[in-house]
Amino acid sequence: MSWFSHPLFLPSLIVGVTILLWATSLLPEFITALLFFTVAMMAKVAPAEMIFGGFASSAFWLVFSGFVLGIAIRKTGLADRAARALSARLTDSWLQMVASVVLLSYALAFVMPSNMGRIALLMPVVAAMAARAGIHENTRAWYGLALAVGFGTFQLSATILPANVPNLVMSGAAEGSYGIHLNYVPYLLLHTPVLGWLKGMILIGLICWLFPGKPHAPRELTPPPPMSADEKRLAWMLAVVLTLWVTESWHGIGPAWTGLAAACVTLLPRIGFISGEEFSTGVNIRTCIYVAGILGLAIIVTQTGIGDAVGDALLKVMPLDPQRPFVSFLALTGITTALNFIMTANGVPALYTTFAQSFSDATGFPLLSVIMIQVLGYSTPLLPYQASPIVVAMGLGKVPARAGMMLCVALALASYLILLPLDYLWFRMLGQL
């Protein structure tokens with residue numbers, strides 16, 4: 001009976017059932033999120049501001065504003081105009097088309113700090129490009145392109161320090177716990193060759209294999225019309241938003257609040273771009289609730305102590321041994337992967353980094369290297385719910401859960417079987433281990 005009386009039993013049960021329902025898709029994701037909110041409040045496992053903390057997070061509002069801006073980009077014709085420029089050059093073959101979308105999502109990470117912002121910007125453009133190349137919605141080929149945006153944006157951007165929320169959490173935790181300041185260029189050099197370039201090539205290959213498509217080059221019968229007044233106004237507004245996103249470090253206004261301000265302008269009567277009816281039909285509230293649920297779950301796990309308990313248990317059972325460096329490297333990646341199931345990618349670095357000194361003592365690895373090893377684990381989700389940007393891309397592209405899970409598992413297997421040993425060798429070549 002001691003298990004049932006333990007203070008972590010009830011929150012752990014609620015978290016475990018929620019994760020199981022998301023992982024198996026027995027219920028629609030947003031219903032599972034609503035059930036999580038309901039049961040957690042009724043059981044009083046945490047204060048309401050924690051349980052509903054996802055609604056207060058910047059990630060939630062980036063998702064919301066991304067939907068609004070996406071509607072405007074499509075309605076004004078700006079998406080089709082951008083797609084027309086891209087599709088003329090990038091749709092000669094399916095491999096070229098998939099590779100160009102992945103590369104575009106990765107390249108944009110160097111100038112835009114927000115995963116959600118990049119997905120919101122890219123998805124309507126890629127959708128229009130796909131339509132022009134004969135790739136229609138609700139087909140396997142379209143699912144592949146939508147997932148290329150989500151996976152390329154989240155997984156590959158982990159190699160660029162300021163381009164990914166988990167990276168920023170790790171950087172803050174390393175500085176707060178140990179006074180270690182992570183630098184842009186050394187971080188890029190350590191992670192880009194394996195987790196950027198090689199992983200990108202594997203991702204392209206898997207999408208082409210799992211989601212085959214046959215694009216055809218668009219036939220331009222008429223030249224594009226000149227930009228309308230609405231297109232010009234929206235283009236200028238997006239340019240301002242993009243500039244504010246890129247210069248966040250100067251003015252200190254987060255991407256979420258810049259995006260929300262742009263969404264408000266988009267919705268204003270007379271000077272905006274979309275009506276209330278278009279807003280109500282175009283904004284996917286289901287995905288917004290799902291994202292809030294994921295973020296709330298991560299907060300509960302951290303604040304109730306579930307994460308600490310799991311971390312302590314993993315530290316005791318994992319084979320960390322200075323005499324077997326590769327096994328230790330494997331075990332540390334395994335710890336990150338296990339934490340990803342209960343804390344999701346945004347929450348993993350906050351907990352893992354606090355244990356880094358213990359891991360360093362147990363393995364003999366330098367502290368900075370132990371902190372860096374987690375990147376492969378948290379940037380390689382086994383299931384879509386572990387990475388909210390992938391969930392958002394799937395929501396925007398109307399990708400079924402089964403398709404996202406299939407690519408998640410395939411890319412994770414390839415990453416652990418092929419990239420993990422190469423990552424270990426690259427760490428050793430750079431003198432990190």
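Helices here are DSSP runs of H or I with at least four residues, strands are runs of E with at least two, and both are numbered from the N terminus. With that in hand, hello everyone, and welcome to a quick tour. What you see is a predicted model, where local features need pLDDT of at least 70, side-chain atom pairs count only at pLDDT 80 or more, and totals for chains, interfaces and linings use all residues. Residues are numbered from 1 along each chain as its sequence is written, and side-chain values use heavy atoms, with hydrogens and water left out.

Let's start with a loop. Lysine 44 is found between α3 (29-43) and α4 (48-51). Its phi is near 55 degrees, a positive value in a residue other than glycine. Is lysine 44 buried or exposed? A word on terms: buried means under 20% relative accessible area, exposed means over 50%, and partly exposed is in between, using a 1.4 Å probe and protein chains only. At 72% relative accessibility, lysine 44 counts as exposed.

Lysine 398 sits in the loop between α21 (388-397) and α22, and it has a positive phi of about 55 degrees although it is not a glycine. Lysine 398 is exposed, with a relative accessible area of 54%.

Helix α19 is followed by glycine 364, whose phi is positive, near 80 degrees. Within α19 itself, residues 356-363, the buried residues include Ala356, Phe359, Ser360 and Thr363. Why do these four lie on the same side of α19? Because they cover an arc of only 100 degrees around the axis, the arc being that of the directions from the helix axis to the C-beta atoms. In general, an α-helix has 3.6 residues a turn, so residues three or four places apart point the same way.

Now for charged pairs. We call it a salt bridge when a side-chain nitrogen of Lys or Arg is within 4 Å of a carboxyl oxygen of Asp or Glu. How many salt bridges does a search of the whole structure find? The search finds three.

One of them joins glutamate 278 and lysine 75, with the closest N and O atoms 3.1 Å apart. Glutamate 278 lies in helix α15 (residues 276-282) and lysine 75 in helix α5 (residues 58-76), so this pair ties together parts that are 203 residues apart in sequence. Glutamate 278 is partly exposed at 26%, and lysine 75 is partly exposed at 46%.

Another links arginine 233 to aspartate 230, at 3.0 Å from N to O. Both lie in helix α12 (residues 229-246), three residues apart, about one turn of the helix. Arginine 233 has a relative accessible area of 36%, while aspartate 230 has 35%.

Then there is the pair of aspartate 321 and arginine 324, whose side chains meet at 3.7 Å, N to O. Aspartate 321 is partly exposed, at 23%, and arginine 324 is partly exposed too, at 43%.

On to the cysteines. A disulfide here is a pair of cysteine sulfur atoms within 2.5 Å, and by this rule the count comes to zero. Take cysteine 208: the closest cysteine sulfur, in cysteine 408, is 18 Å from its own sulfur, too far for a bond. For cysteine 288, the closest cysteine sulfur is in cysteine 264, 14 Å away, again too far for a bond. Cysteine 288 is buried, with a relative accessible area of 1%.

Serine 171 is in helix α10 (residues 165-178) and counts as buried at 14% relative accessibility. Which residues does serine 171 touch, not counting residues up to four places away in sequence? They are Leu161, Ile180 and Leu182, where contact means heavy atoms within 4.5 Å.

Leucine 295, in helix α16 (residues 285-304), is buried too, at 10% relative accessibility. Leucine 295 and alanine 345 are 50 residues apart in sequence and 10.0 Å apart in space, C-alpha to C-alpha.
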